[in-house]
Amino acid sequence: MSSRKSPMNGGMKSRSFDNVSSNIERTGPSPPRSPPLNQLNSSLRLSHNSLPIQTPEKLNVVQNPVFRGRTFLAEFLTKDWGAVTALSELILNDENNALTESLLEVFEASNKGKKLLTWAISKEIQSAKSVSTIFRDTNEAVKFLAVLYHKLGRKYLESVVGSLVRSVTSFDKEVHDKDLFVRKILPLANELLDRLFSNIDSCPSPLRRILGYIKTQITMKFPDVPDAGQTIVCYLFFSRFLNPALVSPELYGLAEERPPLVAQRALILCSKLIQNLSTGMEFEDTRDDDLNRFVRGKLPNLRSFIDNFANLEEMPERLFHVSTQVNQAALIKISNIMKENKSKIHSVLTRSDSKMSFLQIVNAELFIQQPTETTGNNSNATWFNKNKRREREKIGLLHDRVDRNEVTIRKLQEQVQEQRENLEVNRKAIYDLTENNKKLNAENQRKNEEVQQLWEIVKQLQQSLTLPKDITHNE
């Protein structure tokens, strides 16, 4: 055996990386000390009775600094809770949930997604002073739930909301009469709620378990507040999940593009109707008696739905499946974000070992360095070379650009929608003013005619009362 450090040992600086990689790659007990890589092809033999031994290709993967660096990052995030705390501020400012989704994927790939979600939920509930403030502001739990809604709830939304979106899209013209419009919407909303109430089991089990866990924790936190858990579950399910899909179906894959204006009016009215139903509030306008009767009629079904929907009180062990490619992409995205916010995250970390590990992670060489020792056939088995690294960096930049463009497009769509609503309001106002002007003009014309008639009568009376001059002179 040569006195030179073999690639299996890796030296003192990379020993922690080798330990992490070995724990991931090995499926059985640790094999005996291996010879150098250039002797593995001739020395490794597998027998039917022996435990699985790593092949040279796998050993080369383990020794790859890129693989070891990302594995160390995953261990740093999932084992050092100070790292998650340091990333909390970045999560709250994560507009398109890119960091939030990546962090949840990395934890779920390490079988710790449940721990991360439980931490965020407990943090929000324990810090709340009243039921009315829970999950109302932007926080880690709300961000993680938004990611889970998109990952787990799209098929469920399609089965519940999809037919309603397609029905209102077929409306061919604007309906100015509000009563007629309400009569067209109520049957569609009734069908939507019937599908919702009768297909509880079609909702993904992880979502039901998460909301059931939240309901239990809130009931324990506020035992003196009646129906506190049910109220929050209603808010999280309808206001944070179902209604946003109704208002913006194109963002949830329920429509290819923004629906027409008349369809948007119908979807917004449905969302308001369901929102009032979930909060138990009635419409204040006396002209909305039909809507209020609809809300009162559906309240018992809603209470039964919430009780049965959130009756699973334990958090799910696994939230969703994470492939190796998705996990690696998430680690790359997190590492880029950590590099961009190096000083901010470093100042939040309190432990010295955490600071040292963080500085090692944000060092670019940890992720882009290639193995310096490759011998024999293993030189052709290296995972990442310079060209591939550059291509991945370009792809990462393109993905980031796409994410930024998506956020910009979403903001523009919201602005366009707001302008459309303003135009609709202005158009109605102009229409009402035009009708009022027509009525006023007709009224003025009628009054002018009456004045003209009165003037003619006055003239006749003046003529009849005026005496001839010759008669007056004779007298």
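# A walk around a predicted helical protein

Visitor: Let's start with one residue. In which loop is Phe135 found?
Guide: Keep in mind that we're looking at a predicted model. If you follow the chain to Phe135, you land in a loop. The helices on either side of that loop are H7 and H8.

Visitor: Is Phe135 buried or exposed?
Guide: Anything under 20% relative accessible area goes down as buried. Phe135 has a relative accessible area of 0%, so the label is buried.

Visitor: What's the phi of Phe135 near?
Guide: Most residues other than glycine have a negative phi. Phe135 is not a glycine, yet its phi is positive. The value is near 60°.

Visitor: Which loop holds Asn97, and is that residue buried or exposed?
Guide: Asn97 also has a positive phi, about 60°, without being a glycine. You'll find Asn97 in the loop between H5 and H6. Its relative accessible area is 15%, and the cut-off is 20%, so Asn97 is buried.

Visitor: And Asn93, is that one buried or exposed?
Guide: Asn93 sits in the loop between H5 and H6. Its C-alpha atom is 9.5 Å from that of Asn139, a residue 46 places away along the chain. The relative accessible area of Asn93 is 55%, and over 50% counts as exposed, so the answer is exposed.

Visitor: What does the side chain of Ser88 make a polar contact with?
Guide: Ser88 belongs to helix H5, residues 81-92. At 6% relative accessibility, Ser88 counts as buried. Leaving out residues up to four places away in sequence, Ser88 touches Trp119, Lys123 and Glu140. The polar contact, at 3.4 Å, is with the side chain of Glu140.

Visitor: Helix H8 now. How far apart are its end C-alpha atoms?
Guide: H8 covers residues 140-152, which makes 13 residues.

Visitor: How many of the 13 residues of H8 are buried?
Guide: The buried residues of H8 include Glu140, Phe144, Leu148 and Leu152. They pack against H5, H6, H7, H9, H11 and H12. H8 is largely enclosed by the rest of the structure, because the number of buried residues is ten.

Visitor: Which residue has a side-chain oxygen reaching towards Ala141 at the start of H8?
Guide: Look for an oxygen that comes to within 3.1 Å of the backbone nitrogen of Ala141. That side-chain oxygen belongs to Asn139.

Visitor: At what angle do H12 and H14 pack?
Guide: Two packed helices are described by the angle between their axes and the distance between the axes. For H12 and H14, that distance is 10 Å. The helices count as roughly perpendicular, with an angle of about 90°.

Visitor: By class, how many nonpolar residues are in the contact of H12 with H14?
Guide: On the H12 side you have Gln230, Val233, Cys234, Phe237 and Phe238. H14 brings Leu302, Phe305, Ile306, Asp307 and Phe309. There's one polar residue and one charged residue, and the nonpolar count is eight.

Visitor: H11 meets H14 too. At roughly what angle do their axes cross?
Guide: Arg208, Leu211 and Lys215 in H11 meet Ile306, Asp307, Asn308 and Phe309 in H14. By class, that contact has three nonpolar, one polar and three charged residues. The axes come within 9 Å. H11 is roughly perpendicular to H14, because 65 to 115 degrees gets that label and the axes cross at roughly 100°.

Visitor: What does the side chain of Gln275 make a polar contact with?
Guide: Gln275 is in helix H13, and at 26% relative accessibility it counts as partly exposed. Beyond its neighbours within four places in sequence, Gln275 is in contact with Ser239 and Asn243. The polar contact, at 3.0 Å, is with the side chain of Asn243.

Visitor: Stepping back, how much of the protein counts as buried?
Guide: The protein has 20 helices and zero strands. Among contacts with a separation of 6 or more, 75% come from residues 24 or more positions apart. Of the 475 residues, the part that counts as buried is 41%.

Conventions: Residues are numbered from 1 along each chain as its sequence is written. This is a predicted model: local features need pLDDT of at least 70, side-chain atom pairs count only at pLDDT 80 or more; totals for chains, interfaces and linings use all residues. Side-chain values use heavy atoms; hydrogens and water are left out. Axes are lines fitted to C-alpha atoms, for helices over the stretch in contact, and angles run from 0 to 180 degrees between N-to-C directions. Helices (H or I, at least four residues) and strands (E, at least two) are DSSP runs, numbered from the N terminus. Angles under 35 degrees count as roughly parallel, over 145 as roughly antiparallel, 65 to 115 as roughly perpendicular and the rest as oblique. Contact means heavy atoms within 4.5 Å. Ala, Val, Leu, Ile, Met, Phe, Trp, Tyr, Cys and Pro count as nonpolar, Asp, Glu, Lys and Arg as charged, and the others, Gly among them, as polar. Buried means under 20% relative accessible area, exposed over 50%, partly exposed in between (1.4 Å probe, protein chains only). A polar contact is a pair of N or O atoms within 3.5 Å; within protein, one must be able to donate a hydrogen and the other to accept it, and residues adjacent in sequence count only if both atoms are side-chain atoms. The expected span of a helix is 1.5 Å times one less than its number of residues.
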